[in-house]
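Dear colleague,

Please find below the structure that I am handing over to you.

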Amino acid sequence: PPAAPRLEAFDAFLESDRAPLPELRVPKHREHLSRLDVAKRCVLAMELAGYAGDESLAQECALRAGNALADVLASPGKKPAAALALLNQLCALLEVCGKAKTPAFSRLAASLAHELAREARSSGETAIVRRVASVVLAMDAMTPPLGARNEALRLAEELMLSFPEWRSFGAARLPDRAG
């Protein structure tokens with residue numbers, strides 16, 4: 001099917017059945033709650049696109065979910081557990097996206113892996129950090145098309161190498177990068 005109707009259907013899905021959000025005294029918290037809601041819907045749409053085998057739509061969903069989470073992740077202080085859970089699910093779903101179709105998507109995928117590793121590390125979730133190092137960084141989504149450079153992937157690898165236990169991650173990429 002043509003891309004335009006699929007994206008219109010995706011936009012309609014994001015706006016459908018929107019439950020009212022609770023009233024919060026701090027406007028920033030309400031904005032974060034709205035962004036988490038949009039990210040959750042994008043991740044669900046990404047999963048459905050993966051079931052349908054539509055890699056382009058899955059990549060569009062990932063880009064939108066990443067954009068929705070960006071402000072939440074950039075805010076100072078402790079991040080909501082829901083943000084870490086969505087980031088973890090989003091990185092796990094990068095496999096359904098296949099090879100990156102644009103350099104922007106490969107940068108996003110690497111940035112998501114970087115953020116997940118950083119947040120998981122600060123939350124003491126070592127199993128997640130290990131999975132990011134050994135599985136997520138090796139996904140096709142990290143490799144930009146046409147040999148473009150992916151600076152975000154380099155930063156994610158450097159973050160992993162900054163952890164003293166990086167050798168225990170079992171990541172094929174990291175020893176090559178360290179050497």
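The crossing that H4 makes as it passes H5 is left-handed. Please bear in mind throughout that this is a predicted model. On the H4 side, the contact is formed by Leu84, Leu87, Asn88, Leu90 and Cys91; on the H5 side, it is formed by Leu112, Ala113, Glu115, Leu116, Glu119 and Ala120. The axes of H4 and H5 lie 10 Å apart, and the angle of packing is about 135°. Angles over 145 degrees would count as roughly antiparallel, and those from 65 to 115 as roughly perpendicular; H4 and H5 are therefore oblique to each other.

H5 also packs against H3, at an angle of about 45° and with the axes 10 Å apart.

The largest nonpolar core comprises 54 residues, and Met46, Leu94 and Met160 have the most contacts inside it. Two or more residues of this core come from each of helix H2 (27-52), helix H3 (55-74), helix H4 (81-93), helix H5 (103-122), helix H6 (126-134) and helix H7 (151-162). What does leucine 94 touch, if residues up to four places away in sequence are not counted? Its partners are Met46, Phe105, Ala109, Val136, Met139, Ala141 and Met142.

Finally, some remarks on the protein as a whole. Its secondary structure consists of eight helices and zero strands, which gives the pattern α-α-α-α-α-α-α-α along the sequence. Of the 179 residues, 40% are buried. When contacts between residues at least 6 apart in sequence are considered, 68% join residues at least 24 apart. The protein exposes about 9400 Å², of which 58% is supplied by carbon and sulfur atoms.

Yours sincerely

Key. Residues numbered from 1 in each chain as written. Predicted model: local features only at pLDDT ≥ 70, side-chain atom pairs only at ≥ 80, totals over all residues. Heavy atoms only, no water. Helix = DSSP H or I, 4+ residues; strand = E, 2+ residues; numbered from the N terminus. Buried < 20%, exposed > 50% of the residue type's maximum accessible area, 1.4 Å probe, protein only. Contact = heavy atoms within 4.5 Å. Areas by Shrake-Rupley, 256 points an atom, 1.4 Å probe, with all protein chains shown as cover. Core = buried A, V, L, I, M, F, W, Y, C linked by side-chain atoms within 4.5 Å. Axes fitted to C-alpha atoms, helices over the stretch in contact; angles between N-to-C directions. Parallel < 35°, antiparallel > 145°, perpendicular 65-115°, else oblique. Left-handed = near helix turned anticlockwise from the far one by under 90°.
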